[in-house]
Amino acid sequence: MTGPVMAETIPDKSGQIRALLETARERHGLIGLGAVVATPEDGIIALAVTGERVRGGAAIQAADAWHIGSNTKMLTGLGWARLVEAGSARWGMTLGEIFEGETLHPGWQDVTIEELLAHRSGAGANPGVLWMTGAGRNGDPVAQQRASLVASTLQKAPAGKRGAFVYSNLGYIIAGRAMEQVAGTGETYEQLMRRLVIEQAPQGAGMGFGFGPPSAIQGHKGGLFGGLRPVGTGPSADNAPAFASAGTAHISLAGHALLLLPFLEGPQALPDEMRRRLMMPYPDAAAEYAMGWGVQTGRDGKPVYLHAGSNTMWLSQVVVLPEPGAVIIVNTNTAGKQADEAIRELTGQLIGWAQENAR
């Protein structure tokens, strides 16, 4: 794979995407939209943005970073896979092994890393409200907050039933702490992700990557008396920092698309066994979730991998099509009903567009 091909070099195809974005933005009353389509052989084949970084502000630029929310989860899964590749971890590790020597409730002892990454560990959906508004924002270093939260969680019985699917940000926070534990290097989850995922990615992948609110594009929330208001770029514009492994990453459209292309067959593909582990439904073929990926069957009977991410201020949709071999990402800097409808509409249009153009 070569470096990223930016939209300016492919005006015809990017113009088609931009027209779709502008129509959707006007129809649904959104502030900003962006989309990218990429293939393993050609890299970025279309990238377009429309609208404003903040209501009434400067126009969004193609290289701007967007908050991707829970689309961080597939990257956390990849981070664990890289630890396995390096010999620091293995698939099937239990929390009892990972946190050996720490006090764990018996209900957590045999829970595996796969169960955490597939939302089947018994973990509740989120940390408690008191942590979300208090301890998670007390100013302590993020690794300390994460370690404290996970330790206190694992000392108590799981909130749910092991094996049952419950979409769990808390489970992914535990997985992020597990990465720190097995790496044994003293690196934080955030540092591990840069070393294991971003630095090992193809050229151009990961551009604009970081954690927390992006510096240019602001998210928007519904105002008390209607309309949308910007949320700024400070701590209140995102979940608590210890949420990182569950969903606080930001990244540019091109950087994100190129980071995901190795999940497809192609010149820069991840090793076969690694891809199989990450994208295989868990615990069996009947499941609809893998290691950070939703798994569905398209109208043509072929698998489709997808995920949406939102911290209620941005919305990001990722789709990976093994056939014809394409990554599609659609982002907006708002959330809610209108954003949901616009993203759903655009995703359908771009899947059809990719099937015609990604060949």
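User: In strand S11, which residues point one way and which the other way?

Analyst: Good place to begin. In a regular strand the side chains alternate between the two faces of the sheet. In this predicted model, Ala-326, Ile-328, Val-330 and Thr-332 point one way from S11, while Val-327, Ile-329 and Asn-331 point the other way. All of these residues are buried. With 7 of the 7 residues of S11 (residues 326–332) buried, the strand is largely enclosed by the rest of the structure.

User: Which strands pair with S11, and in what sense?

Analyst: The general idea is that strands of a sheet pair through backbone hydrogen bonds, either parallel or antiparallel. Here strand S1 (residues 32–39) pairs with S11 in the antiparallel sense over 6 bridges. Strand S10 (residues 315–321) also pairs with S11 in the antiparallel sense, over 7 bridges.

User: Is H8 mostly covered or mostly open, and what caps its N-terminal end?

Analyst: H8 is mostly covered, with 14 of its 15 residues buried. At the N-terminal end, Ser-168 is the cap: one of its side-chain oxygens lies 3.4 Å from the backbone nitrogen of Leu-170. Just after the helix, Gly-184 takes a positive phi of about 65°.

User: How many aromatic pairs does the structure hold, and how do I read one?

Analyst: A pair of aromatic rings is described by the distance of the centres and the angle of the planes. The structure holds 7 aromatic pairs. One of them, Tyr-167 with Tyr-289, is edge-to-face, at 6.4 Å centre to centre with 85° between the planes. This pair links distant parts of the chain, 122 residues apart: Tyr-167 is in the loop between helix H7 (142–154) and H8, and Tyr-289 is in the loop between helix H12 (272–279) and strand S8 (294–297). Tyr-167 counts as partly exposed because its relative accessibility is 31%, whereas Tyr-289 is buried at 6%. Ring pairs also bring in Phe-165, giving a cluster of Phe-165, Tyr-167 and Tyr-289.

User: What about Phe-263 and Trp-293: how do their rings meet, and are they buried or exposed?

Analyst: Their ring centres are 5.2 Å apart and their planes stand at 70°, so this pair is edge-to-face. Phe-263 lies in the loop between helix H11 (253–260) and H12, and Trp-293 in the loop between H12 and S8, so the pair ties together parts 30 residues apart in sequence. Phe-263 is buried, with a relative accessible area of 2%, and Trp-293 counts as buried at 0%.

User: Which residue lies over the face of Tyr-172?

Analyst: That is Lys-73, at 5.5 Å from the ring centre.

Note on methods: Residues numbered from 1 in each chain as written. Predicted model: local features only at pLDDT ≥ 70, side-chain atom pairs only at ≥ 80, totals over all residues. Heavy atoms only, no water. Buried < 20%, exposed > 50% of the residue type's maximum accessible area, 1.4 Å probe, protein only. Helix = DSSP H or I, 4+ residues; strand = E, 2+ residues; numbered from the N terminus. Polar contact = N/O pair within 3.5 Å; in protein donor to acceptor, adjacent residues only side chain to side chain. Phe/Tyr/Trp six-rings, centres within 6.5 Å; stacked < 30°, edge-to-face > 60°. Lys NZ or Arg CZ within 6 Å of the ring centre and 35° of its normal. Pairing = 2+ DSSP bridges.
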